[in-house]
Amino acid sequence: MSVLYSHVPIGAPANEIAAPLPAEKGFTAEEKTYLDQNLRFTDDDIALVERIGQRQDYFPRCPDIITNFQRYIALAPEDRMNAALADLHEKTLRTGYIIEGLPKPESVFEHSMRLQARVDHYAPAAASETFKAHLKLLAEVHDLPEALIGDFPPNQIIASSDKKQLEGLAARLIFVGDAERYAAYQEYEAKSTFSAQLMSDIDKIDALEMALVYEGRYPDNQHIVRYNDSGSNGITGMYETFKANSVERIKTDFGKYLLKELDKSAEQIRASAAPKQGDASPDSLPTSGYFSALIENQKNANNGMPGWAM
């Protein structure tokens, strides 16, 4: 049995949902007791998960949230981290790329692993191993709640406040008994430290660079690459879309430096490739190698990078 709420607008509060939640789609009394006593979920917290979870017909690309919470409740706390990593790898795709028309986007797990690799790639020689290890920990945990709730793009599908609360509840369930990772997740979400701000900026730059990579991989996809009089060399596409959503949220000097260099690489590669609609090859637009070379040259020249605190 399933109930569709096609009359319920996105972001509607609970009191606007006319039909009751089907019993099999809600938490059992035992599950509610666990969430209350072990994770300090309030009645409002539980109601939020059930409210979002019952509206699966609105976002079929996202997972069955209630079922995921129930599955993780049944797991031993020490098994939840590995389960989350497996779910990010096998089931959770980057929704922003899907919305832009990408046929085969990467998983959230692939994204998180690449962020950890970027720490080593970007870090100047003077960066301590302790500092880099902490950045990698932030990269590892920052998207883990998406294993349960999916990758909701900012300000789409559900209200941003609901998204933030839902992610926080999922984090409590995953990290129960793992104080270090939960503290790292909270630090990243608060963006109150330089490390969290830096990792957040690297996260946004990664999405922008991958947008360029995907433009090169699918040059004939009109949702991803659009040819007109705006953008770089008469081209606008996923890169410009993602940049418009990110540029004001990049805070550190290093993040701003990366964005400036990435803009340069986009301009240069698009100008040199000069692709035309219908005859662009998969390799005629940017790959990550060009941008990486720019960063490596800067490191070699200065033995450091702007905006890093050691």
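Analyst: A helix here is a DSSP run of H or I with at least four residues, and helices are numbered from the N terminus. The model is predicted.

The part to look at is helix 9, which covers residues 160-175. Helix 9 has 16 residues and reaches 22 Å from its first C-alpha to its last. That span is close to the 22 Å expected at 1.5 Å a residue.

Next, which residues of helix 9 are buried? A residue counts as buried when its relative accessible area is under 20%. In helix 9 the buried residues are D162, K163, L166, E167, G168, L169, A170, A171, L173, I174 and F175. An α-helix has 3.6 residues a turn, so residues three or four places apart point the same way. With that spacing in mind, L166, A170 and I174 can be picked out on the model, and each of them is on the buried list. D162, K163 and E167 are also on that list. For the chain as a whole, buried residues make up 50% of the 310 residues.

What happens to the backbone just after helix 9? There, G177 takes a positive phi of about 85°.

K191 sits in the loop between helix 10 (179-190) and helix 11 (194-217). K191 counts as partly exposed because its relative accessibility is 27%.

R40 counts as exposed because its relative accessibility is 71%, and the cut-off for exposed is over 50%.

Among contacts with a separation of 6 or more, 70% join residues 24 or more positions apart. The chain exposes about 14,200 Å², and carbon and sulfur atoms supply 50% of that area.

In short, helix 9 has a span close to the expected one, and G177, with its positive phi, comes just after helix 9.

Methods. Residues numbered from 1 in each chain as written. Predicted model: local features only at pLDDT ≥ 70, side-chain atom pairs only at ≥ 80, totals over all residues. Heavy atoms only, no water. Buried < 20%, exposed > 50% of the residue type's maximum accessible area, 1.4 Å probe, protein only. Contact = heavy atoms within 4.5 Å. Areas by Shrake-Rupley, 256 points an atom, 1.4 Å probe, with all protein chains shown as cover. Helix = DSSP H or I, 4+ residues; strand = E, 2+ residues; numbered from the N terminus. Expected span 1.5 Å × (residues − 1).
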